[in-house]
Amino acid sequence: PFDVLVVGGGPAGAAAAIYAARKGIRTGVAAERFGGQVLDTMAIENFISVPYTEGPKLAAALEEHVKQYEADINLQRAVKLVPAADQGGEHEVVFESGASLKSRTLILTTGARWREMNVPGEAEYRNKGVAYCPHCDGPLFKGKRVAVIGGGNSGVEAAIDLAGIVGHVTLIEFMDEMRADAVLQKKLRSLPNVEIILGARTTEVNGDGTRVTGLTFEERASGEIKQLELEGIFVQIGLVPNTEWLTDSSIELSQRGEIVIDERGMTSVPGIFAAGDVTTVPYKQIVIAMGEGSKAALGAFDYLIRH
Ligand code: FAD
């Protein structure tokens, strides 16, 4: 059995594994693939101290750094978690293959995924105009025209944020009203370079083969099909935590399905920690996930020396 088993191999998992291994304790990593969402990213310009890198390069560096330590790496998909029967006992993680691993502490870092519109062109133009993270990709659209899809808090926050960087923002909401907090809506409506379209269903991302050139939407009330010309589309219709495999585990999840953690990264089950995009910690970013993963590993180490 391990002292620490990290589930997930993204920025949070890699940081947790390195911090745990450096304590000289038996450390394991189990992940479906190394790199996490970073693998789906191209340009990264906010990884502090590295002005520019690319997703696949950073993912490879994460893996290489972890491999410098004696961490046991298993490329497997976890499907179930069985918490220890008594405090100080071993927790068990069961994998798709039927195999399982046991550990005195766990650090869950299975991340999250952006909800997609699932319309033609979206996948084709991902990172070529279709974006999901305004903090990451906003500056790439300086002075250009963009759309934000979704009028919830994240969509309206993204539109306000982008309006200060890009030339023009069109916010498109499916329902006849936005769900965002009233104060955010008021702020959005006060901005001169923002247009809001309600009751509209985005049906297609248009492009010229290399980049986004616009989008097509249906005005739901009239059924009329319309087009917008623009250079970027920010999809803000939800971030889904990868916690489906934890639903029977007694670990407390928030209403959105995120793992609830305390200030040391511990979940509601003693000895089980979590970090990164899979948790309730706000602002899902690489540097934040790394900091949180490191913190959870130190929390797990602290737990081990006390139990
Ligand atoms: P993830 O990166 O999601 O990693 C999760 C890990 O868990 C993966 O290894 C996955 O394979 C594994 N996993 C999931 N489920 C299971 C399971 N059941 N069993 C085993 N393993 C499992 N952030 C920035 O700071 N700057 C950027 O420029 C930036 N650009 C982005 C662009 C895109 C397109 C996307 C999608 C995200 C971007 N982000 C960016 C956000 C950043 O990638 C995330 O905040 C960060 O990767 C979160 O790290 P994490 O380790 O918590 O989770």
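**Entry 1: helix α1**

I started with α1, which is mostly covered: 11 of its 11 residues are buried. By buried I mean that 20 or more other C-beta atoms lie within 10 Å of a residue's own; exposed is 12 or fewer, partly exposed is in between, and C-beta atoms are placed from the backbone. Helices (H or I, at least four residues) and strands (E, at least two) are DSSP runs, numbered from the N terminus. Among the buried residues of α1 I noted Pro11, Gly13, Ile18 and Tyr19. I then looked up what covers them, and the list includes β1, β2, α2, β5 (71–75), β8 and α6.

A note to myself on the model: it is predicted, so local features need pLDDT of at least 70 and side-chain atom pairs count only at pLDDT 80 or more, while totals for chains, interfaces and linings use all residues. Residues are numbered from 1 along each chain as its sequence is written.

**Entry 2: the nonpolar cores**

Next I asked which residues touch the most other members of the largest nonpolar core. They are Ala16, Ala17 and Ile107, in a core of 49 residues. Such a core is a set of buried Ala, Val, Leu, Ile, Met, Phe, Trp, Tyr and Cys residues joined through C-beta atoms within 7 Å. The elements giving two or more residues to this core include β1 (2–7), α2 (55–67), β6 (78–82), β8 (100–108) and β19 (272–274). The most comes from α1, with nine residues.

Contact here means C-beta atoms, placed from the backbone, within 7 Å. Apart from this core lies another, of 32 residues, among them Ala159, Ala163, Met178 and Leu215.

**Entry 3: around the ligand**

I counted 38 residues surrounding the ligand, and the closest are Gly8, Gly10, Gly36, Gly111 and Gly276. A residue is near the molecule if its C-beta atom, placed from the backbone, lies within 6 Å of it. At least two residues of this shell come from each of α1 (11–21), β2 (27–31), β9 (112–114) and α6 (286–306). By class I find 18 nonpolar, 14 polar and six charged residues. Here Ala, Val, Leu, Ile, Met, Phe, Trp, Tyr, Cys and Pro count as nonpolar, Asp, Glu, Lys and Arg as charged, and the others, Gly among them, as polar.

Five strands form an open sheet, ordered β10-β17-β11-β12-β13, with parallel pairing. Two strands pair if DSSP finds at least two bridges between them. I marked β10 (130–131) and β13 (194–197) as the edges, each pairing on one side only. Between β12 (residues 168–172) and β13 there are four bridges, and Val169 stands opposite Val194 in β13.

Helix α4 (residues 153–163) packs on this sheet, touching β11 (145–149), β12, β13 and β17 (232–235), and its direction makes about 165 degrees with that of β11. Axes are lines fitted to C-alpha atoms, for helices over the stretch in contact, and angles run from 0 to 180 degrees between N-to-C directions.

**Entry 4: the antiparallel sheet**

Last, I looked at an open sheet of three strands, β14-β15-β16, with antiparallel pairing. Its edge strands are β14 (200–207) and β16 (225–229). The twist averages 25 degrees from one strand to the next. Seven bridges join β14 to β15 (residues 212–219), and the partner of Ala200 in β15 is Glu219.

Technical notes. Contact = placed C-beta atoms within 7 Å.
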